Amino acid sequence: MPKAKDPDKAKAIHRAAMMLVIETGFSGLKMADVAKEAGMATGTLYIYYKSKDELINDIYLETKKEIIALLTNPNLVTETFYTAYRNRWFAYFNYCLKNPEKMLFVEQFLYSGYIEESIYNQVEELFKPLNQFLLDGQKNGLVKQLDIEILKAQMEGAIHEIIKMTVKRGKTLDAELKHECFNMAWDSVKQ
């Protein structure tokens with residue numbers, strides 16, 4: 001029976017690859033560099049991932065699974081659409097603030113050309129509940145009648161840019177400023 005893969009090593013591989021992609025881009029990513037950054041032999045890395053493409057697609061899929069689990073958490077759902085939207089917005093904002101390397105990796109990967117169609121389709125399937133939430137908001141006249149992908153891009157894009165600014169400038173946002181950021185985001189999508 002083959003030895004089970006160590007989840008801590010897998011996390012170390014993901015962290016190392018994300019940091020290297022942020023520094024070098026996808027085309028500059030080398031498996032030997034990932035192994036070195038993760039503190040393991042290159043041969044060990046290949047036990048976990050057969051190729052760079054397999055590795056980066058897995059990181060993307062696992063990160064998107066984390067995000068959708070967060071956004072579909074039943075504790076975020078409330079009686080009103082506005083409150084549920086606000087809860088989801090803050091949950092995603094705080095996730096990105098806590099994990100800027102994951103946010104940057106996903107953002108770069110989505111437009112890199114490396115994403116496998118099967119992975120893209122899996123992620124689209126995972127996001128159906130969030131899409132339905134937005135469609136319900138439209139049906140009830142609460143959200144602008146725009147393509148769902150545009151609404152999601154508006155939510156993500158604003159959050160991503162705010163997080164990038166805070167990371168780059170070493171800024172911290174107090175609760176009041178975060179709330180103002182949410183108000184701007186809500187104003188951009190509400191009917």
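Begin by selecting I67, L71, Y92, F127, L130, K152, M155 and E156, the residues that line the largest cavity. A cavity here is a set of points on a 1 Å grid over the protein atoms alone where a 1.4 Å probe fits but cannot get out, and lining residues have an atom within 4 Å of a point. The space inside the largest cavity comes to about 50 Å³, a volume being the space filled by probe spheres set on the points, which are joined across faces, edges and corners. The structure holds two cavities of 30 Å³ or more.

Before going on, note that this is a predicted model, in which local features need pLDDT of at least 70 and side-chain atom pairs count only at pLDDT 80 or more, while totals for chains, interfaces and linings use all residues. Residues are numbered from 1 along each chain as its sequence is written, and side-chain values use heavy atoms, with hydrogens and water left out.

Next, colour the model by helix: the protein has 10 helices and zero strands, where helices (H or I, at least four residues) and strands (E, at least two) are DSSP runs numbered from the N terminus. Both α4 and α9 supply at least two residues of the lining of the largest cavity, and α9 gives the largest share, three residues.

Keep α9 (148-169) in view and turn to the largest pocket, to whose lining α4 (52-71), α6 (100-110) and α7 (117-126) also each supply at least two residues. A pocket is an open set with protein on both sides within 12 Å along at least five of seven lines. Of its 17 lining residues, select K64, L110, Y111, E149 and E156, which lie nearest the centre of the largest pocket. The space in this pocket is about 370 Å³, and α9 again gives the most to the lining, with six residues.

Now select α6, where P100, E101, K102, M103, F105, V106 and F109 are buried, that is, under 20% relative accessible area with a 1.4 Å probe and protein chains only. Showing α1 (7-24), α4, α5 (81-98) and α9 brings up part of what covers these buried residues.

Finally, zoom out to the whole protein, whose C-alpha atoms fill a box of roughly 55 × 40 × 30 Å along the principal axes. Of its 191 residues, 42% count as buried. Among contacts (heavy atoms within 4.5 Å) between residues at least 6 apart in sequence, 71% join residues at least 24 apart.

How values were computed: Buried < 20%, exposed > 50% of the residue type's maximum accessible area, 1.4 Å probe, protein only.
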